[in-house]
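I opened this entry to look up strand pairing and salt bridges. My notes follow in the order in which I made them.

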Amino acid sequence: MTYQPPSECYSLVGSCNGFICLNGLPAHFTHDDYDEFDPASNVAYVCNPITRETVMLPELKRRSCHDDRVDFLVIGFGYAPSTDEYKVVRLYKFMREPKFARIEVYTQGSGKGWRDEGKKIETGLGGWQHGVFANGWIYWNFGNGKIVAFDLADEMFVELSECPIFRCRRIRLGVLGDHLCATNSDTITNISDVWLLKKHKDESLMSWSKELSLTNMDGYDTPLAVTGSAKLLCHSNTSLYLYDLKSSSSKLLANFDRCFHQVIPHRNTLISIDSITRENSKSLESGENVQYGKLKAGIGR
């Protein structure tokens with residue numbers, strides 16, 4: 001399948017039920033218009049690569065004053081089954097407030113556009129990545145062991161209690177099965193530990209549990225899915241392969257001879273994007289409150 005993205009400069013945010021969210025320049029921009037120091041230039045797209053439908057969400061209001069310019073912007077995309085709604089969430093910082101992020105929520109088909117209640121969350125200065133969607137929540141890794149989550153149904157932000165083992169290690173967030181997955185790798189021993197965030201039986205506490213230790217890895221390998229034959233579909237910077245959990249060996253499936261910037265699991269759908277989008281978004285050819293809380297997370301084995 002070949003799909004032409006609506007923008008020359010874009011990044012993958014995520015995939016949910018066959019729909020893909022991208023973050024990139026408006027369709028009328030070209031590569032020459034790209035300004036890496038002005039994240040407000042970017043817009044969010046929701047696409048169905050099978051039906052070739054794409055919707056561009058409204059742009060972030062750009063600021064002329066230097067202190068009011070946007071310093072960083074990341075996106076999250078997911079589905080709330082309890083309300084049957086797809087939502088896009090964006091976090092962004094102003095230069096005058098480098099340690100705090102503002103939150104805006106866009107509910108597909110609501111007709112309300114981006115909703116900003118003026119709430120802020122403390123982020124620190126760690127590196128940012130787009131959000132990872134799992135089980136009705138979007139998670140962002142702010143670095144130094146800090147992970148925050150957004151409940152798409154209740155629109156509540158929570159901060160997971162810091163996991164000391166993540167604080168001094170580089171972790172990569174993803175989804176494995178139905179759980180948020182965190183992979184941290186040791187480039188000296190070539191071992192990658194895979195942690196899953198699981199709820200306790202009473203669902204009052206989520207805790208990290210180290211589920212797997214993958215040996216003979218190259219230090220940048222990330223799991224994508226578990227197959228029915230006790231194998232793990234993984235990707236490295238350039239390859240896709242199967243890792244045998246019993247023999248700790250791997251089988252190369254494809255070598256693309258170039259570095260991946262992003263890899264996300266995706267399944268196709270023939271459902272039209274019109275069924276989840278309405279006004280306040282622009283189709284392209286080819287007032288509720290945001291609440292905040294605390295959620296405890298511990299470390300298990």
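Predicted model: local features only at pLDDT ≥ 70, side-chain atom pairs only at ≥ 80, totals over all residues.

I looked up Thr222 and found it opposite His235, a residue of β19. Residues are numbered from 1 along each chain as its sequence is written, and side-chain values use heavy atoms, with hydrogens and water left out.

I then checked what joins β18 to β19 (residues 231-235): four bridges do, and the two strands run antiparallel. I took strands as DSSP runs (E, at least two residues), numbered from the N terminus, and counted two strands as paired if DSSP finds at least two bridges between them.

Next I noted the sheet. Its four strands follow the order β18-β19-β20-β21, the sheet is open, and the pairing is antiparallel. From one strand to the next, the twist averages 30 degrees; the axes are lines fitted to C-alpha atoms, and angles run from 0 to 180 degrees between N-to-C directions.

I turned to salt bridges, meaning a side-chain nitrogen of Lys or Arg within 4 Å of a carboxyl oxygen of Asp or Glu. By this rule I have six salt bridges.

I looked at Lys231 and Asp244, whose closest N and O atoms are 3.8 Å apart in a salt bridge. Lys231 is in strand β19 and Asp244 in strand β20 (residues 239-244), so this pair ties together parts 13 residues apart in sequence. Are both ends buried or exposed? Lys231 is partly exposed, at a relative accessible area of 25%, while Asp244 counts as buried at 19%. I used under 20% relative accessible area for buried, over 50% for exposed, and partly exposed in between (1.4 Å probe, protein chains only).

I also recorded the salt bridge between Glu104 and Arg90, with the closest N and O atoms 2.6 Å apart. Glu104 sits in strand β7 (residues 100-107) and Arg90 in strand β6 (residues 85-94), 14 residues apart. Glu104 and Arg90 are both buried.

My last pair was Arg115 and Glu155, a salt bridge at 2.7 Å, N to O. Arg115 lies in strand β8 (residues 114-115) and Glu155 in the loop between β12 (146-151) and β13 (156-160), so parts 40 residues apart in sequence are tied together. Both Arg115 and Glu155 are buried.
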